[in-house]
Amino acid sequence: MSVAYLKYELSDSYVHHWLVAGPQATPVDDLPSGEGADLRLEIARRYHEEGPGFTGRPAERASVVVDGTELTWRYVQCQDDHLLDLTGFYPAPHYLRSWAYAEVVCPAAQEATFVLAAYGPADVWINDRHVHRQEHCCEREPASASFSGALEQGHNRVLVRLEAVVIGACPYAMALRIDGLPASSGALAREQQEIWSGHEVFQPGVDTDATLPDDVRVYLPTVAPLASRQQMLAHIFDQARVAGYVHHKANEVIVHWDRDLDLKCHYTVSIQDDQKRIYVEANGEAEPGETIDVGHPARIWEGAYDVVLRPRGLEWYEQNTRYEKRVPIHVLDNPYSDALYGSFAARRTEALDHAAKRGRGVFAEIAKMALDRWDDVDPDALTATIETIRQHSAGIDQVMGLLSIVYRYQDAAAFPEALGPAIEECLLGQKYGCDAPGQDTASCEAESYSITVHTCEILTGQRYPDQPFAHTGRTGQWHRERAERQTLEWLQERGAMGLADWDAPDSFEQILAALSLLVDLCENEQVQELAAVLMDKVLLTIALNSFKGVFGSTHRRAGTSALKSGQLEATSGITRLLWGMGVWNHHATGVVSLARSDYEMPLIVADIAVNLANEMWNREHHPGVNKVTYRTSDYMLCSAQDYHPGQQGDQEHIWQATMGPDAVVFVNHPSCMSEADAHRANFWRGNSVLPRVAQWKDALVAVHKLPENDRLGFTHAHFPVDAFDEHVLLDGWAFARKGSAFLALYASQGTELVRRGSGAYRELRSYGQENVWLCLVGRESTDGSLQGFMRKVLKAALKVQGLDVRWSTPRGDKVSFGWEGPLSVNGETQPLTGFKHYDNPFCTVDSPATQIEIRTDGYLMRLNFSPDDTEPGP
């Protein structure tokens, strides 16, 4: 096998480029008892092997067989955190193994210290000798271990085997640092620029040179004949970006080349799905500052896709230069609605039609049944759902979907008769209740999961009262009675205190779906009526904290994609159904459940969501959080006040400014460069260390204090340039306009607009251990033009000293705040804690609340949570 080399330097002493084989995923069928890291480590030890598991020298594109599984070595470049991140989602338990290989080329023999950081067990071999093993299973941060290793003169073969036991979504990554080596001289970069600028890039011999370099380098063997050309393309493609993240079928998909592009090449760009099927394609030449229209995605089904850059056909197929860059996008087939339209009946039909045509799984089949499209119902899809539930690979919401079908459609003449017994067996075979054998107690603690489990247990027991449940042997009647007691307790507590999963879109979707089933199908009147009242309350909370269909509030948890675009929120279809604002997207559980439900939302809730004529200052207290929302007809600013500053963060979304579905701005302290939701805090979601935040109406201060050994060393803002109508970077401030809304953003350590990588023209990055961010929102009616707004902001007195700030805002307010001490506005201390449950122009009520009275100009509604006197508000 002829071998050439991809050649790189160490990056901050890290191996930044790897050849990777795997993951090899082995299902774990006999799951032992236990939970957490101890359980995963026990399973990993069961599968562990002493040797690396294969023989032979790795090379990019070459195959390797491990335990009968054929894998292919592929090139992977790390991001700025130097993590080789192989994180994925595995619905059922799996044991994973992956192999990472690189050759460290040294001009002379020497000793070095290796530091391996990994989330799971890992082994290291140097020159075929096993030198290190570490055993741990981590979910939040990788664990590090150091060891010594001897490096020979010339090529040193470094192999890392990374293991993991994944149950759902778990991080799967590692980083390797080599200390004690001399710093790079930069000679390799100069050599490559010289090669790339001439015709040598098309000469195979230049990549097989075995002459030892004068400094330490990383070589990756490859069977590609033109390795230098491949590296040149990688360098060029890294300077391309795709405008926007969410696209509609009628929109153009545009690729932008950086204005400082230093090399040119011919390329092909296409839109592909996860199976690499090509839908649209175009050819172009990379030029500084140029753009290319990939095409209109009119023929593309709604879903997740990649924009793919690769060399043209001659290079790709004949010269075998198989490098490509993939940029994720999302395509929707319906435009966003930011105003009330049509009737509820018309929107209901729209919602069901969209789910029936575009959705997948049980809720798509429910939509077809609801529309009486029995010829389109797919029995195989329902059979597949039943099987995934049996294998514990499906969420509890799928069980809820089967119950909806059983109650509403099983007696229909067109219902596939063979499905009935299979569904019954599946429902009776489920584990209901946190005390069920083998139940995941961590999942049970989640509010949305617990109410969904209770709902499913009630309705299954109600349907099959005399049948024994497989995991307990108890009858359906026993399970129904138990679950009704648990459900009443759950409803009363949330009615009085609110939700600990505050304003979490995915949780709210599942809660609303479960409550709607109780309203429609539960025979216990007290449960039924209290479920309806809590639905009113949940929808009221969404209405108070939404801006034209965007649930742009602070969130206890949220998916990363939904943070980047409000169009992908789990509640977007629900708000479009109920008050005409939002978009139909891939989230079907909530919108189909409500479209099929007999529940009638009080008109006052829609009035609060739709009528934005007056400014609203809203304070709320929910378990564990005090939060505020300031909303006008042009923008909304929300935050969690003084929420556990300095503590390790999780998935909390602390603050956000919303000017449109894609024009959303927020700041966080990333824990890693990955956007995978398996990382509880990742690049955009959550915070590695929580900031201290305070907001006074349209002005917000966020104070960040990073640890000295922070992996990334920066905080950053989501600042999506392509979503704005205008943006200006001036005198340390970043300004933006969307429609008639304005925004100003400032960091005391300064900011830079990232122009390359996954955050290109979407990220404002600010390095520094101690940093103060300021955000101010404005609008034409108060500030005139964007230029007028900018002048006001730049003239306002501002003093930042360490982590303390004194700011005279353009509104005339003198704001003082810091890492410690109160929020002072015009010399008066403003509360950051101890809020009422709700305190806004529509309702004011203490916590706990037995009743909430909501008023607008045209409506009055009372929500009563008293266990002895429960009735929906009029």
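Mentor: Welcome! A helix here is a DSSP run of H or I with at least four residues, a strand is a run of E with at least two, and both are numbered from the N terminus. The model is predicted: local features need pLDDT of at least 70, side-chain atom pairs count only at pLDDT 80 or more, and totals for chains, interfaces and linings use all residues.

Trainee: Thanks! Is Asp662 buried, partly exposed or exposed?

Mentor: Start with its place, the loop between strand 26 (655-658) and strand 27 (664-668). We call a residue buried under 20% relative accessible area, exposed over 50% and partly exposed in between, using a 1.4 Å probe and protein chains only. Asp662 has a relative accessible area of 21%, so its class is partly exposed.

Trainee: Which side chain makes a polar contact with the side chain of Asp662?

Mentor: Leaving aside neighbours within four places in sequence, Asp662 is in contact (heavy atoms within 4.5 Å) with Val246, Lys564, Ser565, Gln567, Pro720 and Ala723. A polar contact is a pair of N or O atoms within 3.5 Å; within protein, one must be able to donate a hydrogen and the other to accept it, and residues adjacent in sequence count only if both atoms are side-chain atoms. For the side chain of Asp662, a polar contact of 2.8 Å is made with the side chain of Gln567.

Trainee: How many Å separate the C-alpha atoms of Asp662 and Asp722?

Mentor: Along the chain, these two are 60 residues apart.

Trainee: Which residue is joined to Arg241 by a polar contact of the side chains?

Mentor: Arg241 sits in strand 15 (residues 240-242) and counts as buried at 12% relative accessibility. Beyond residues up to four places away in sequence, Arg241 touches Ile254, Val255, His256, Asp722, Ala760 and Tyr761. The side-chain polar contact, at 2.6 Å, is with Asp722.

Trainee: What is the relative accessible area of Asn618?

Mentor: Asn618 belongs to strand 23 (residues 616-622), and its side chain has a polar contact of 2.9 Å with that of Asn840. Asn618 is buried, with a value of 0%.

Trainee: How many charged residues are in the contact of helix 6 with helix 17?

Mentor: Helix 6 brings Phe363, Ile366, Ala367 and Ala370, while helix 17 brings Thr589, Val592, Ser593 and Arg596. Ala, Val, Leu, Ile, Met, Phe, Trp, Tyr, Cys and Pro count as nonpolar, Asp, Glu, Lys and Arg as charged, and the others, Gly among them, as polar. In this contact, five are nonpolar, two are polar, and the number of charged residues is one.

Trainee: And how are helix 5 and helix 16 arranged: roughly parallel or roughly antiparallel?

Mentor: The axes of helix 5 (residues 344-358) and helix 16 (residues 572-579) come within 7 Å and cross at roughly 150 degrees. Their relation is therefore roughly antiparallel.

Trainee: Which residue has a positive phi of about 50 degrees although it is not a glycine?

Mentor: Most residues other than glycine have a negative phi, and most peptide bonds are trans. The residue you want is in the loop between helix 14 (525-544) and helix 15 (560-564). With a phi of about 50 degrees, it is Lys548.

Trainee: Last one: what is omega for the peptide bond between Gly22 and Pro23?

Mentor: Pro23 lies in strand 2 (residues 17-27). The bond joining Gly22 and Pro23 is cis, with omega at about 10 degrees.

Note on methods: Residues numbered from 1 in each chain as written. Heavy atoms only, no water. Axes fitted to C-alpha atoms, helices over the stretch in contact; angles between N-to-C directions. Parallel < 35°, antiparallel > 145°, perpendicular 65-115°, else oblique.
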